[in-house]
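Please walk through this model step by step.

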Amino acid sequence: MNDIVRIPFSEHQINKRKICKKACSILKALTQAGYEAYLVGGAVRDLLLGKQPKDFDIATNAHPEQIKAVLPTTRIIGRRFRLAHVHFGREFIEVATFRAPHDTSDQGQISHDGRIIHDNVYGNVEEDALRRDFTVNALFYELKTGDILDFVDGMTDIHQRQLRLIGEPEMRYREDPVRMLRAIRFMSKLDFTMTTETEVPIKEVAGLLTKIAPARLFDETLKLFHSGYAVIALGLLREYQLFSCLFPLTEQSFDEDQTGVFSALVYHALENTDRRIRSDNTVNPAFLFAVMLWHQAQKGAKMYREMGNPDLQSVHLAASDVLGTQVKSIAVPRRFSNVTREIWTMQGRFQFKACRRSLNFMKNRRFRAAYDFMCLRASSGEPLEEECQWWTLFQSLSEKDQQLMCQSVVGSPNKRNRSGRRRRH
Ligand code: ATP
Ligand code: MG
């Protein structure tokens with residue numbers, strides 16, 4: 001075991017004012033009630049790096065009922081490992097009781113390939129440090145003294161900007177393969193490297209990611225691609241051969257992409273996503289999946305058309321195939337995959353530039369996403385530049401100018417009669 005290192009306030013950069021007041025009030029209440037309580041995890045790491053933390057996690061030796069007795073707005077969640085959520089209206093802060101690393105001799109907690117199934121043994125602060133993933137995520141900040149407790153030499157790794165798994169790396173990845181994705185996420189977000197020992201086993205155990213519940217992989221995928229560092233994350237995921245476990249069809253598309261059009265689509269989309277997130281705009285997971293799976297969806301639709309199916313039906317059939325395969329790796333909730341499907345099925349409608357149809361189309365609540373997707377395709381080299389320009393201009397005009405613009409479209413379906421059929425001559 002490592003010696004405890006207590007780093008006094010004078011030797012680190014943590015600015016107390018950056019710690020959220022709610023977290024401070026919990027830390028104070030628990031310590032006043034005689035418990036140990038620390039700020040821990042990503043918040044301490046980010047504060048040391050001068051970044052504003054996303055969330056503030058607290059660890060304590062108080063058990064969930066004891067936390068609730070001190071902080072009555074606590075709700076206890078979870079069955080196997082119970083966590084306390086201390087509520088402040090609709091917001092809450094997670095307070096976890098110290099846990100011990102699992103006992104490897106206990107066969108009941110480990111699957112045959114080394115994964116932790118149950119993780120429910122309370123421990124002390126040092127044990128709680130050792131069961132965490134990376135040393136830089138295992139630092140404990142004590143509000144009262146301003147000291148940092150470091151059992152794993154995490155401060156050295158903070159200074160050297162590197163990720164080092166606590167314990168034996170391959171075993172720690174086998175226990176929880178998601179740690180590989182967390183490594184990629186922190187490298188992207190923090191601009192850190194991995195130590196050699198932490199890096200080497202990844203290629204060996206990458207395939208274990210396929211054993212992880214697809215719902216958990218959905219959450220991790222969004223953290224990877226919706227945190228403002230998606231372009232870097234994609235590069236690293238591919239470099240460490242993890243990407244194909246998440247997006248097998250997309251990996252196949254990259255292999256088949258001889259023109260580079262599909263790669264350009266993905267990179268442009270991820271650059272846009274990063275830009276949007278950094279300027280606090282919203283992003284929809286449906287768009288990410290529409291991009292990642294576009295090439296296979298297009299390929300499938302072409303096959304169904306060649307079999308004699310109508311255009312729209314072909315797109316629907318291909319969408320079902322492609323999304324059906326994707327959810328085996330990442331469980332995309334239906335509320336998102338339905339939107340992905342809509343973005344794809346709407347692509348065919350941009351070729352019709354008749355006024356009534358165009359105005360109706362623009363009222364569709366998915367129009368914006370479908371239009372953005374179409375222009376992204378254009379900018380990646382698909383022959384849609386003209387469509388993108390037409391629709392961009394059309395949206396910016398008054399209704400009168402929109403009428404004029406439609407009339408100037410040669411061969412416009414406007415020339416059809418009311419029933420929508422062409423007149424016989
Ligand atoms: P973020 O800035 O994304 O919130 P974080 O490090 O706080 O990063 P969380 O998912 O909030 O990440 O987890 C909080 C802490 O819990 C981590 O810092 C780490 O100490 C521990 N932890 C989380 N996931 C794991 C895991 N899979 N294995 C071991 N420890 C973990
Ligand atoms: Mg966190």
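**A helix pair, then the whole chain**

In α7, the residues Val 178, Leu 181, Arg 182, Ile 184 and Arg 185 meet Arg 216, Leu 217, Glu 220, Lys 223 and Leu 224 of α10. Contact here means heavy atoms within 4.5 Å. By class, this contact of α7 with α10 has five nonpolar, no polar and five charged residues. Ala, Val, Leu, Ile, Met, Phe, Trp, Tyr, Cys and Pro count as nonpolar; Asp, Glu, Lys and Arg count as charged; the others, Gly among them, count as polar.

Two packed helices are described by the angle between their axes and the distance between the axes. The axes of α7 and α10 (residues 214-225) come within 10 Å and cross at roughly 10°. That makes α7 roughly parallel to α10. Axes are lines fitted to C-alpha atoms, for helices over the stretch in contact, and angles run from 0 to 180 degrees between N-to-C directions. Angles under 35 degrees count as roughly parallel, over 145 as roughly antiparallel, 65 to 115 as roughly perpendicular and the rest as oblique.

The model is predicted, so local features need pLDDT of at least 70 and side-chain atom pairs count only at pLDDT 80 or more, while totals for chains, interfaces and linings use all residues. Residues are numbered from 1 along each chain as its sequence is written, chains are lettered from A and ligands numbered from 1 in the order in which they are written, and side-chain values use heavy atoms, with hydrogens and water left out.

Now the overall layout. The protein has 22 helices and 10 strands. Helices (H or I, at least four residues) and strands (E, at least two) are DSSP runs, numbered from the N terminus. The C-alpha atoms fill a box of roughly 90 × 45 × 40 Å along the principal axes. The domain assignment gives domain 1 (1-160) and domain 2 (247-408). Such bounds come from an automatic or database domain assignment. The centres of domain 1 and domain 2, taken over C-alpha atoms, are separated by 43 Å.

How much of the protein is buried? Buried residues make up 50% of the 425 residues. Buried means under 20% relative accessible area, exposed over 50%, and partly exposed in between (1.4 Å probe, protein chains only). Of the contacts with a separation of 6 or more, 69% are between residues 24 or more positions apart.

In soluble globular proteins, nonpolar side chains tend to be buried together. Here the largest nonpolar core has 100 residues; those with the most contacts inside it are Ile 19, Leu 39, Phe 225, Leu 242 and Trp 344. A nonpolar core is a set of buried Ala, Val, Leu, Ile, Met, Phe, Trp, Tyr and Cys residues joined through side-chain atoms within 4.5 Å. Helix α7 (residues 178-190) gives this core its largest share, eight residues. The core draws at least three residues from each of domain 1 and domain 2.

Take Ile 19. Beyond its neighbours within four places in sequence, Ile 19 is in contact with Ile 14, Cys 24, Leu 39, Leu 47, Phe 56, Tyr 141 and Leu 143. Apart from that core lies another, of 17 residues, among them Phe 367, Tyr 371, Ala 378 and Cys 406.

Cys 388 lies in α21 (residues 385-396) and is buried, at 12% relative accessible area. Leaving aside neighbours within four places, Cys 388 is in contact with Tyr 371, Met 374, Cys 375 and Ala 378. Ala 301 lies in α16 (residues 294-306) and is buried at 4%. The C-alpha atoms of Ala 301 and Ser 314 are separated by 4.8 Å. Ala 269 sits in α14 (residues 261-278), buried at 4%. Not counting residues up to four places away, Ala 269 touches Val 291 and Leu 376.

Finally, backbone angles. Most residues other than glycine have a negative phi. Asp 153 has a positive phi, near 60°. Asp 153 lies in the loop between β8 (148-150) and α5 (154-159) and is partly exposed, at 47%. Asp 191 also has a positive phi, near 60°. Asp 191 is in the loop between α7 and β10 (193-194) and is exposed, at 61%.
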